[in-house]
Amino acid sequence: MIKVLVVDDSAVVRRTLAEALSKESDIEVVGAAPDPFVARDKIVRLNPDVITLDIEMPRMDGLTFLRKLMQHHPLPVIIVSSLTPKGSSLALEAMEAGAVEVLSKPGSAYSLGEMSIQLADKVRAAAKVRLDALTGRRQAAPARPQTTTLSMTETTNKIMAIGASTGGTEALKEVLRRFPPNSPGTLVVQHMPANFTTAFANRLNELCQIKVKEAADGDSVVSGTCLVAPGNYHMVLRRSGARYYVNVITGPMVCHQRPSVDVLFHSVAQVAGANAVGVILTGMGADGAKGMAAMKEAGARTVAQDEASCVVFGMPKEAIKLGGVDKVAPLWNVAETALRMI
């Protein structure tokens, strides 16, 4: 059983999350807390495996509590917050501080709907997190890493497709910061909720040499630009003549996810074929494994993050198992490996 502690100042939200998780046969909600001070005592007494944490709370905000927790008593933390523009910015800070997942708080009707599936999946993913990889990665971040030099002829009409989930926000930062300004047009699917992807893309844009933005329907895929799939929408690659572009579409969840890495990778296999490189990073589950195998079969080159550097070695492991991976690399070498494949 995975033991969960729910921390939120709203009694209604605490009850809603607890009821949803209690329906799962492998998850037990061992307690709930209205603020970090109560949570601190219950962590010591109940020894939970995973914590769900609101950000905006009385007495001590969730971000301050998270930083103290990761310093003195590291645990897998899922942020469950109202992802307004302000809330999204705070949630992004929480991910940088060590939170492993983020979910949007239930709406005014407090009906979880599809979120109940994602909540349970994220709890299971968080329970498998390797805290040594998580904390170790946060401590090592080169200020201006060296990158592979590419000529424009090497990147024109080439596509880089990247998929990630649990632990992926920090892993993507590590990879994309190593891309030179003329890197091939890059497409990213990171499992995250609606509204959060805008803040995430903007943050990456501040840190990277390439331009990073949240994808909009019809955006062109060009060298030096990275498009991040919007939360709650799939992103697919299209081509019209010599122009690559993306469609941002609705549709059913794939592998319990929207956006789905598989949806992106299958479209890249079909449209770009051997002109593409696929990258799969840390994450729980199998999303992207079949799509990466399809990319390789279409002539694309592929790379997966290795187990030692993954926060959760799920998605890369499944892609390797299906035979869709050409090379396996530690996180610090993923960018160079992928760029050399171009």
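Reader: Which residues in α9 do T169, L172, K173 and L176 in α8 meet?

Author: Bear in mind that this is a predicted model. On the α8 side, the contact is made by T169, L172, K173 and L176. Sorted by type, the residues of this contact come out as 5 nonpolar, 1 polar and 1 charged. Their partners in α9 are F200, L204 and L207.

Reader: Are α8 and α9 roughly parallel or roughly antiparallel?

Author: Take α8 as residues 168-176 and α9 as residues 196-207; their axes sit 10 Å apart. The packing angle is about 30°, and angles under 35 degrees count as roughly parallel. So the pair is roughly parallel.

Reader: Switching to cysteines, how many disulfides does the structure hold?

Author: For C208, the nearest cysteine sulfur is that of C226, 7.5 Å away. A disulfide needs the two sulfur atoms within 2.5 Å, so C208 is in no disulfide. C310 is in no disulfide either, with the sulfur of C255 as its nearest, 17 Å away. For the whole structure, the count of disulfides is 0.

Reader: Is C310 buried or exposed?

Author: The cut-off for buried is under 20% relative accessible area. For C310 the value is 0%, so C310 is buried.

Conventions: Residues are numbered from 1 along each chain as its sequence is written. This is a predicted model: local features need pLDDT of at least 70, side-chain atom pairs count only at pLDDT 80 or more; totals for chains, interfaces and linings use all residues. Side-chain values use heavy atoms; hydrogens and water are left out. Axes are lines fitted to C-alpha atoms, for helices over the stretch in contact, and angles run from 0 to 180 degrees between N-to-C directions. Helices (H or I, at least four residues) and strands (E, at least two) are DSSP runs, numbered from the N terminus. Angles under 35 degrees count as roughly parallel, over 145 as roughly antiparallel, 65 to 115 as roughly perpendicular and the rest as oblique. Contact means heavy atoms within 4.5 Å. Ala, Val, Leu, Ile, Met, Phe, Trp, Tyr, Cys and Pro count as nonpolar, Asp, Glu, Lys and Arg as charged, and the others, Gly among them, as polar. Buried means under 20% relative accessible area, exposed over 50%, partly exposed in between (1.4 Å probe, protein chains only).
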